Amino acid sequence: MSTDRLAGETPPGQEAAPGTAEARTPDEAAGPGDAAAPEGAAAPEGAAAPGEEATGREEGTEAAGAEASGAEAGVAAAGAETGVPSAAAESAGPASGAETGTPASGVETADPGAANGSPASSPETGTPSAGAESAAPVSGAETAAPGAAKGTPSSGSAKATADALAAAVRAVESGERSAASFFNDAPRPARPAAPAAQPAKAASQGGPTGPGPEVTRQRTAQETGGPARPDGPEGGATGPAAAAAPAASGPAPAPRPAVRALPGVEGVRQVLAAGGAPETLAEQTAEVLGERAAEALSEDPWLLLQVPGVRPEQADGFARALLGPACGPGDERRAQALVGWLLEQAALAGHSALEAAALRAALAQRSVPDPDDALQVAIGDGAVLVFQDAIDEPGGRARPATGDEEEEQPVRILLGLDRFAMAEESVADGLARLLNTFEAVAEPTRDTASEEADGATADGPAADETTADGDAQVTDGDTPGESAPTTAPATDTPTDHDTAPRPARPSAAAWEAVAAAAPSPSAAELIRAAAHSGLVAHTGAEAARAEPAALIAAARSLGLRAFGATHTENGRRRLAAHLTGSAPDATATGSPDPATAAVTVSGLLSGREGPGRDADGALALDLLVVLDAPQLDLETAALLVESLTDGTRLVLSGDPGVLWSAGPGRLFADLLAARFCPQVASRTPDFGPIGELVSGIGIGELSQVEAPGKEVVIVPVRDAGEAVHRTVQLVADSVPRAFGVPADHTQVITVGHGGAAGTRALNAALKERLNPGPGRFGGFDPGDRVAYAPAPGRTVSGTVTGADAAGLHLDCDGSAVVVAREQVGTGAVRHGWALTAHQAAGARWPAAVVVLPGDATGGLTRSWVYTAFSRGERHLSVVQGADQALARAVAEVPVKERTTRLRSLLQQSVQSGEEPTAAD
């Protein structure tokens, strides 16, 4: 590893602007548009903190095009800029320039202690976040009548139902009942939408108004036997939350007249204007809320939180403008909207569910007077689902809940949204189905053949018994179906995309033959595992990608319809190169091009690539290898697994050291931890200085490596301004001169989008140097290097070729793409000279420049460093401004944990499947 400057490199001059980021947080250094609402979408408390750098809108969906959503285009961070009154000033920057780029506004990312009145702190840095104290109370709460904000059951039947639900949930938490039995009870009637305002009722007039149903705490003696409790701040909110809701002093002010909205988008625009919100949100709001969006928004202004990018402070201001002073922090509509919003933000941070305590604390930080009641209402209405999850043992394993220990096993109560719960359960069920429906390869019955051979007749049954072996010899997929056994599944009938009559079923001997011919011992082990199991997990670094390619080539030589799917087009090209290398003479012999077996996951699911689907809608293949498996989010994985027919072989392959998916879940890590299926660990190392450096990082060691050819260069910098200057110098001059790698083949990777050395600042500087122009179309010019996000969590690199009325024209890896004007305006396209590590995951470039500014050290983890440093094939430059924080992150912070249920579901599937298997 060298710290010398590359040939011809000059020290930074005055343009380096030293000190530009020393006294400012990343978003303070960014422009007004940088403090976009999506970047502030941090998750609640510690459990909802951005998990893995790709969190919130910054990495999860912002990287996928939601950063400059309608909310950013119209609803800026400060309410004064957008016309939406804001409950708390959002000019304070985030705690760090972490890859999440989420300005931690204290309330969103505060520690649990914040619920008790302690200052909120950012989970990224552990330092108090600016605005943590001012963001918790909602503006205007001083004028709101607490009694008008909280809706309590007004009838004996409603209160009886609420009490029954409270008892049920307490029984779940105490272990007396299971979560499943809770849902078997009669459903709670849905509550009608709360009125715009409700007169406060004195305790003496309506009888005791006890607390609503609770989630995890017992009622105190005062609540159950003491005098009636007035509506207002309750035990669930303390500190700022309690101060934000003063005691009721009389009837609430009359609500403002409801806005009579016009139908369609025009009506939504009218309601938004009446509430002081930007009318540019109208189309997006109408799309989210449906046909009656205007009417629904007039009745419940907090529905605006369902629009991506809108934050609670902005929704509060919108609600106050529509409802007047009668709008308070305890309004039931506000509480329910916040419950959903917090769970959505947790999903952006990678969590598929949240612990009840974390969600309760987050609601208290948002000035909800009674978080327990809010959660119970959400559970009763079906907006939130309740789950029990076994608590892990210290060694990282969940204790099996069997026998007498089941009642004593500690569990945690998780709350989640139904779509993520369904996706997680669908993945678990699908993986179990592939394992259970797999038909083991048949061993040849040599004894019978020998006996008949004694009679000098070997043409009859013996020939039939060797049919499978004959299939293995008919290689290259020419006519593999002609000698296929007649017991092939009916679903393998020919389709428009697959002309073979029936797929082959190779014998164990045929599999062993191709395994013996494998290029490496690890590849042979993978082939044998895939031969005998319907689901296999394969782990390895970049060099190990040759092993799944060897498996695909071997399976295709046996007549199977085998394909490999990658996360990116870049990864698909690398897989295609491996496949071509494994069968160099395939084209010359008239066999299909082996590179056609390489596809992307998105292309496979959409039908643009791969074999297509059969008559039943399943993917027409026999074996699927998914590379870059850590990048699979729950919903994509569920769709993929559901598309595989019974008996299909699935191999999930990936590097366990890289970042997890941008979307919720950690599928590959949970699968490995559950030990649900056979696992094959590659023994093929990555060679060279970069491979040696990355291998050390993978085990928590940041060591200096010998790089005689300057494959690894460390460039120390003092501040973010100097980091930007040196990065431009490396990309434009030093790397091309020293290694012959052009600027468009060098990728810059940094921790986050915001900040003085984030992707925005770096892309602006690189554009000015490499392709200056006025930005004629939405800030872009022909020749600009861009990152296009066609879907959340997916980034496609491309180059701008032009623009017209249809939109922005891109060349994405040889494919022409037109991005509509509306998508460009919502941030689906951004400059791509500099990316975040999550955007770069799944791709590699000849050279990589990793920028580590000192103000973004809170976003560093071992997995982030591992991912960023492994993106360069021939050269890696590290612009090092993090000092010792880099080594500490590698040694002490492996990953940012996520709360998921998949591992428990897989383990439960194994336990539930043991009895039927034994009976069989």
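Author: The open sheet consists of three strands in the order 1-3-2, with antiparallel pairing; two strands count as paired if DSSP finds at least two bridges between them. Strands (E, at least two residues) and helices (H or I, at least four) are DSSP runs, numbered from the N terminus. Strand 1 (354-355) and strand 2 (385-390) stand at the edges with a single partner strand each, so one side of each has no neighbour in the sheet. Two bridges join strand 1 to strand 3 (residues 411-416) in the antiparallel sense, and Glu355 stands opposite Leu414 in strand 3.

This model is predicted: local features need pLDDT of at least 70, and side-chain atom pairs count only at pLDDT 80 or more, whereas totals for chains, interfaces and linings use all residues. Residues are numbered from 1 along each chain as its sequence is written, and side-chain values use heavy atoms, with hydrogens and water left out.

Strands 2 and 3 are also linked through side chains. Arg412 forms a salt bridge with Asp389, the closest N and O atoms being 2.9 Å apart; a salt bridge is a side-chain nitrogen of Lys or Arg within 4 Å of a carboxyl oxygen of Asp or Glu. Arg412 belongs to strand 3 and Asp389 to strand 2, and the two residues are 23 residues apart. Asp389 is buried, with a relative accessible area of 4%, while Arg412 counts as partly exposed at 21%. Here buried means under 20% relative accessible area, exposed over 50%, and partly exposed in between (1.4 Å probe, protein chains only).

A search of the whole structure finds 29 salt bridges. One of them joins the side chains of Asp316 and Arg334, at 3.0 Å from N to O. Asp316 lies in helix 15 (residues 312-323) and Arg334 in helix 16 (residues 332-348), so this pair ties together parts that are 18 residues apart in sequence. Both Asp316 and Arg334 are buried.

Another salt bridge joins Glu897 and Arg666, at 2.9 Å from N to O. Glu897 is in the loop between helix 36 (884-892) and helix 37 (902-919), and Arg666 is in the loop between strand 8 and helix 29 (667-674), 231 residues apart. Arg666 counts as buried, at 16% relative accessibility. Finally, a network of salt bridges links Glu542, Arg545, Arg574, Asp628 and Arg844.
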